[in-house]
Amino acid sequence: MKVYPREKVVDPVCGMEVSLDDPRTMVSKYKGRSYYFCAQCCVRVFEKNPQRYLKAKGPFGRFLVRLVNTNVKVFGRAGPPCH
Ligand SMILES: [Zn+2]
């Protein structure tokens with residue numbers, strides 16, 4: 001029996017947590033790394049300007065994560081209305 005890790009990663013565009021084993025999760029490859037997204041629209045936004053979304057590290061990145069958590073409260077698990 002194959003075991004699928006219930007690994008969670010963060011969608012770098014909208015900051016939502018996505019599960020690697022969720023069939024709705026989209027993947028995009030950039031510079032040999034895989035990035036995961038909640039929806040096709042986030043992939044499109046990312047592929048237009050990947051650098052912009054990969055820089056969110058450090059204090060500002062943590063600020064973004066807080067902001068996103070607030071968004072999740074406001075918009076629910078569906079995330080920001082990007083669809
Ligand atoms: Zn997203």
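**Entry 1**

I looked up Val 27 and found its bridge partner in E4 to be Tyr 36. Before going further, I noted that this is a predicted model, where local features need pLDDT of at least 70, side-chain atom pairs count only at pLDDT 80 or more, and totals for chains, interfaces and linings use all residues. Residues are numbered from 1 along each chain as its sequence is written.

Strand E3 covers residues 26–30, runs antiparallel to E4 and is joined to it by 5 bridges. For my own reference, two strands pair if DSSP finds at least two bridges between them. Helices (H or I, at least four residues) and strands (E, at least two) are DSSP runs, numbered from the N terminus.

**Entry 1: the turn**

I followed E3 into its turn and found a hairpin with E4, with 2 residues between the strands. Lys 31 sits in this loop between E3 and E4. Its phi is positive, about 50°, although Lys 31 is not a glycine. Most residues other than glycine have a negative phi, hence my second look.

Is Lys 31 buried or exposed? Lys 31 is exposed, because 8 other C-beta atoms lie within 10 Å. The cut-offs I used: buried means 20 or more other C-beta atoms within 10 Å of a residue's own, exposed means 12 or fewer, and partly exposed is in between, with C-beta atoms placed from the backbone.

**Entry 2: the core**

Which residues make up the largest nonpolar core? I listed 12 residues: Val 13, Cys 14, Met 16, Val 18, Tyr 35, Tyr 36, Phe 37, Cys 38, Ala 39, Cys 42, Phe 46 and Tyr 53. Strand E4 (33–37) and helix H1 (40–48) each supply at least two residues of this core. E4 gives the most to this core, with 3 residues. A nonpolar core here is a set of buried Ala, Val, Leu, Ile, Met, Phe, Trp, Tyr and Cys residues joined through C-beta atoms within 7 Å.

I picked out Phe 37 from that list and set aside its neighbours within four places in sequence. Phe 37 is then in contact with Asp 11, Val 13, Val 18, Thr 25, Met 26, Ser 28, Cys 42, Val 43 and Phe 46. Contact means C-beta atoms, placed from the backbone, within 7 Å of each other.

I visited the loop between strand E2 (17–19) and E3, where Asp 22 is found. Asp 22 counts as partly exposed because it has 13 C-beta neighbours inside 10 Å. Its C-alpha atom is separated by 9.2 Å from that of Cys 38, 16 residues apart along the chain.

Asp 21 also has its place in the loop between E2 and E3. Asp 21 counts as exposed, because it has 11 C-beta neighbours inside 10 Å. I found 8.8 Å between the C-alpha atoms of Asp 21 and Lys 8, which are 13 residues apart along the chain.

Glu 47 took me to helix H1. Glu 47 counts as partly exposed, because it has 15 C-beta neighbours inside 10 Å. From Glu 47 to Tyr 30 I noted 8.4 Å, C-alpha to C-alpha, across 17 residues in sequence.

**Entry 3: the whole protein**

I ended with the overall layout: 3 helices and 4 strands, in the order β-β-β-β-α-α-α along the sequence. Of the 83 residues, 19% are buried. Among contacts between residues at least 6 apart in sequence, 41% join residues at least 24 apart.

How values were computed
Contact = placed C-beta atoms within 7 Å.
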